[in-house]
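Notebook open, structure on screen. I'm going through the loops, the hairpin, the ligand shell and the helix packing, and jotting things down as I look them up.

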Amino acid sequence: MKAGEQRQPAYLAINPLGKVPAVRHGEALVTEQVAITIYLADLFPQAGLTPALNDPLRGPYLRWIAYYGSSFEPALIDKFMQREPAPITQSPYADYDTMLGALEAQLSKGPYLLGERMTAADVLWGVAFSWTMMFGIVPKKDVFVRYAERMTARPAFQRITAADDEMAAQHAKAAGV
Ligand SMILES: N[C@@H](CCC(=O)N[C@@H](CS)C(=O)NCC(=O)O)C(=O)O
């Protein structure tokens, strides 16, 4: 992205939207964070991050992952652009405060989105809260701050952030920025 390669033909052949992330696994090409989250969690069941198909938590698990792409992301962009949402019957997320309020109510039951069990949904949402609060789009309410801290303090998160920073530095150097 430092060199703008996400808008070059080679990457647009992977994702025509020019967006990351994208994962290629064998013949499968997966884009969209929601799909990637579900895909990877299912691919590595030994990590224990996905409720089984017959687990009563499976539905809520899918619900809160889908909520990210279907409700949170569009609401976030409208908020960031200071745009009025579409009328409530047309808006995919009702209105911003209602959308965020539902998340807050869910997280207040904590410590994770599904209660005591941490799942891949929390990996997605922990990162989401972390950067959206950093950019001031989501208010730094206690419940969100504690949740983001809980997720970003995990050794796995620390490891991947360090690897990411290193990769970004290499890319910046290569791109001369
Ligand atoms: N709906 C996509 C959104 C992905 C997205 O917003 N990616 C940003 C991450 S920084 C991006 O690729 N931005 C680079 C650009 O558009 O130039 C998803 O959930 O994967």
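Started in the loop between α1 (9-12) and β1, where I found P21. For my labels, helices (H or I, at least four residues) and strands (E, at least two) are DSSP runs, numbered from the N terminus. The peptide bond leading from V20 into P21 is cis, with omega near 5°.

Before going on, I noted the ground rules. Residue numbers start from 1 along each chain as its sequence is written. This is a predicted model, so local features need pLDDT of at least 70, side-chain atom pairs count only at pLDDT 80 or more, and totals for chains, interfaces and linings use all residues.

I looked up G110 and P111 and got another cis peptide bond, omega about 0°. P111 sits in the loop between α4 (96-109) and α5. Then I checked Q82, which is not a glycine and still has a positive phi of about 55°. I place Q82 in the loop between α3 and α4.

Hairpin next. Strands β1 (residues 22-25) and β2 (residues 28-31) run antiparallel and are joined by four bridges; DSSP has to find at least two bridges for two strands to pair. I traced H25 to its bridge partner A28 in β2, and R24 to L29. Two residues lie between the strands, and G26 takes a positive phi near 60° there.

Which residues surround the ligand? I listed M1, Q6, G18, K19, V20, E32, Q33, G69 and E73. My cut-off for near was a C-beta atom, placed from the backbone, within 6 Å of the molecule or strand. By class I get two nonpolar, four polar and three charged residues in that shell. I count Ala, Val, Leu, Ile, Met, Phe, Trp, Tyr, Cys and Pro as nonpolar, Asp, Glu, Lys and Arg as charged, and the others, Gly among them, as polar.

On to helix packing. The axes of α3 (residues 58-80) and α5 come within 9 Å and cross at roughly 25°. The α3 and α5 crossing is left-handed, meaning the near helix is turned anticlockwise from the far one by less than a right angle (clockwise would be right-handed). From α3 I noted Y61, W64, I65, Y68, F72 and L76, meeting A121, L124, W125, A128 and T132 of α5. I call residues in contact if their C-beta atoms, placed from the backbone, lie within 7 Å. The α3 and α5 contact has ten nonpolar residues, one polar and no charged.

Last pair: α5 (residues 120-134) and α6 (residues 142-152), with axes that come within 8 Å and cross at roughly 120°. That makes α5 and α6 oblique to each other, and the crossing is left-handed. On the α5 side I see D122, G126, F129, S130 and M133; on the α6 side, F144, V145, Y147, A148, M151 and T152. The tally for α5 with α6 is seven nonpolar, three polar and one charged.

How values were computed
Axes fitted to C-alpha atoms, helices over the stretch in contact; angles between N-to-C directions. Parallel < 35°, antiparallel > 145°, perpendicular 65-115°, else oblique. Contact = placed C-beta atoms within 7 Å.
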